[in-house]
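Reader: Hi! Could you walk me through this one?
Author: Happy to, let's look at it together.

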Amino acid sequence: MRLCFLVEEHYRRDGMPLDVARQLTAWGHRVDVLRPGDSLMAISEAVRGGSHDAWVLKTVSGGPGLTLLEAAAAVGLTTVNDVRSIRGVRDKALASVIARTRGLPVPVTYAAARWERLAEIPAAEYPLVVKPADGSSGRGVRLVAGPDDLIGLGPQLAGEGLLIAQPYVPNGGTDLKVYCVDGELFATERSSPLHPGEGVRERQVPLPVSVARIAAQVGEVFGLDLYGVDVLLGPDGPVVVDVNDFPSFRQVPDAVARVARAVLRLARSGTAVSVPALVPAGGEDYGRLGLVDGELR
């Protein structure tokens, strides 16, 4: 197969997805790597030619790579993930609306194009987590303790574009990152960017059934095949605070080969796989969940 990987400068030295591209090449496939942030391309000709079986995107939110991917999809080419699904999670304001409408546990979300408007949020909602609607990799995420702190952050927030704010979910300083690779779910524990001093060692952990159900539902709601979900275990249960298309897959066993096989399957089928929506009843924990003979194992 011939594949086109769109990799922006922010990820040009990252193992994911470049190691995936190398693995695919080692398996005998042709992989072209384009860097849309640092290249001159005859985009109309490249897309119109249809010479690639699939286009794969690893880019920052708001980067030019998404435009290229959308151009490929517009002429009927296969993209990984589906480009409509990527757009749905890249805009965090849009993602929060989609998620809450479909019943996912997501905090109430406020949005404002000017940071001063966030001052209208009731004091009872503090502390708040404020971040850019197009942020990625934890960029610009801030914990705001009260209205006075918001005013103090004004100069930093002024250049961030559309902002979203959500009530802070009390937690122990640990994030649970759930990765989905073509229908299999894996959980990783790591320090929260809001609590960098906690010093939690990043490691794979068992996946609670309640979180697995939510992570599977995220895939169904957004139509994603390769994705990550940031979950906080709050006092009222798991809460989804972010969704990422094509994340790092850190701590996923044999991640490079798993992702490479998923890319090939998606390129061949041109259609999305349905992430399992249910897990077996009971109180067990699952470190790995997969679809085997139509059943979740």
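Author: First a definition: helices (H or I, at least four residues) and strands (E, at least two) are DSSP runs, numbered from the N terminus. This is a predicted model, where local features need pLDDT of at least 70, side-chain atom pairs count only at pLDDT 80 or more, and totals for chains, interfaces and linings use all residues. Residues are numbered from 1 along each chain as its sequence is written.

Reader: Thanks! In what order do the four strands of the open sheet come?
Author: The order is S2-S1-S3-S4, with parallel pairing; two strands pair if DSSP finds at least two bridges between them.

Reader: And which strands stand at the edges?
Author: Strand S2 (30–34) and strand S4 (79–80) each have a single partner strand, so one side of each is left without a neighbour in the sheet.

Reader: How many bridges join S1 and S2?
Author: Five, with S1 spanning residues 2–7. Arg 2 sits opposite Arg 30 of S2.

Reader: What lies across S1, S2 and strand S3?
Author: Helix H1 (residues 15–26) does, running at about 165° to S1. Axes are lines fitted to C-alpha atoms, for helices over the stretch in contact (heavy atoms within 4.5 Å); angles run from 0 to 180 degrees between N-to-C directions.

Reader: New topic: is Phe 186 buried or exposed?
Author: Phe 186 has 1% relative accessibility, so it counts as buried (under 20% relative accessible area; exposed is over 50%, partly exposed in between, with a 1.4 Å probe and protein chains only). Phe 186 belongs to strand S10 (residues 184–191).

Reader: How do S13 and S14 pair?
Author: They are antiparallel over eight bridges, and form a hairpin with two residues between them.

Conventions. Side-chain values use heavy atoms; hydrogens and water are left out.
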